[in-house]
Amino acid sequence: MKRSLILCLLTLLGAAVLQAESIKMKDGTIISGSILEQTQYTLNLATSFGTVTLNQKEIEQILPDKHRILLKGGTQLVGVIVDLDEFNLKLQTDDGIVNIDMPQIANIEVYDYDQAPKTQQTYVEQKIETAQEEKARQEQVAQTGAVQAAGGLAFDSDIDKVFDTQKATVVNGQAVSAVPTVSATPAPPRPLTDEEAFLKGVKTGAVSQQQYATQAKDSLSAQKPAAKKENKPQTKEKDFRTYLAIQLGAMPLDLKLNVSERPGFSAEKESKDVGGTSVVASGKFLWRLMDSNLWLGPNLSIANIANNTFDDLDPDTLAATDSTGAPLYPDPKIKTSGQFISLGVSANYYLNPKSRVVFYLTGNAGYEMLTLNYRGEMKSDSIKSNGFSAGGGLGVETRVDDLMLGTEVRQQFSTRSNELKDSAASNTVFTAQVSWKFQ
């Protein structure tokens, strides 16, 4: 039903573009027709009653296309359609723009500016009759030999139409102009027709356009409640007191395992690479120190140690056989993996805290607990290395709505012990982070 109404409306709009123009004369008469020719002085209009030539000076305006909207409640609105869709129609009326729900519309018709067909017919016929009389009079004057001026007026009969002449009376040899006394009585106003009432903005129907516009606005406000504007004071950077950041990144871990004292390996100092790229997850919760740009608080980091393998040279493993005498472990391997946890304190110092893109220096210090799982074919154990760690680097953040997105690059220094004491003392950590600041 809605689609049919939309198609009908579009058809009417298309017809409105192709229909005759409505022209309002200065005496109030409205003529509808198709404009055949228009010059600076005249306009030729073809109407359903004949073709008429209008003087441009007598034309007040060419009226815009309007539509009459008939609602199911009996109300009718007149105006220019400015927008429509499947659910709503916007109509520009004399009282402003009215939003009309499509289901409320009973009918849409092109608004006819004509006061009445008889009035238009009478006006056109009078114009045509006057033109014919003028043509006949000119032919008669031509036959009688009367001299005409260039403008088509005969000097002997039409001179009084050009000049405002008055009869004079001779008194005592002097010409005295006779100035008649004119008394004008205003004619009583005639009642307006329905079409004139619409043109002059007089409301019709059970409900006026202004009342309907008010009701429509109230209904629309009820369906779409306006968002409440809360005059909250704008939060400044110095008003934030706490900070939470969650980080996820990677660290190329240079980790060396000294196996020189393990069975089967060389008695000389021998080490195996048991490191790799570790996945690091961390979080920190900071407080602002006074009103400065320095933030301080605890941090927690957890990372894994990548899986690695190397040959198992343990004599017991190599000598192990089954019941048939075949080697029990033809290709023995040692597998390593692990994880470490770091708990400590972090600090951020913001270099440009009021900018949208913020740079800061970051540092941390804490205690690190590392566990490496050493799994051989016959023997397995855990290697632990605990010690202090510290780091420092540079971070950048930018605000997106209520949170901040950023990244950090840190150089992390750690002390290794036991069989991992040959490992590198520092590693680079790359992390991406999401963070929040709170008051």
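I began with the nonpolar patch, where β19 gives the largest share, 3 residues. The model is predicted: local features need pLDDT of at least 70, side-chain atom pairs count only at pLDDT 80 or more, and totals for chains, interfaces and linings use all residues. Residues are numbered from 1 along each chain as its sequence is written, and side-chain values use heavy atoms, without hydrogens and water.

I listed the patch: Leu289, Met290, Leu294, Leu296, Val345, Tyr349, Leu351, Val357, Phe359, Leu361 and Leu394 together have about 970 Å² of accessible area (Shrake-Rupley method, 1.4 Å probe; for residues, only the protein chains shown count as cover). Two or more residues each come from β17 (294-311), β18 (333-350) and β19 (357-375). Patch residues have over 30% relative accessible area and no salt bridge; nonpolar side chains (Val, Leu, Ile, Met, Phe, Trp, Tyr) are joined within 5 Å, like charges within 9 Å. A salt bridge puts a side-chain nitrogen of Lys or Arg within 4 Å of a carboxyl oxygen of Asp or Glu.

I checked leucine 361, in strand β19. Its relative accessible area is 43%, so leucine 361 is partly exposed (buried is under 20%, exposed over 50%, partly exposed in between; 1.4 Å probe, protein chains only).

Of its 439 residues, 33% count as buried.

Last, I looked at strand β2 (residues 30-38), which runs antiparallel to β3 (residues 42-47) with 4 bridges; pairing needs at least two DSSP bridges. Isoleucine 35 stands opposite leucine 45 in β3.
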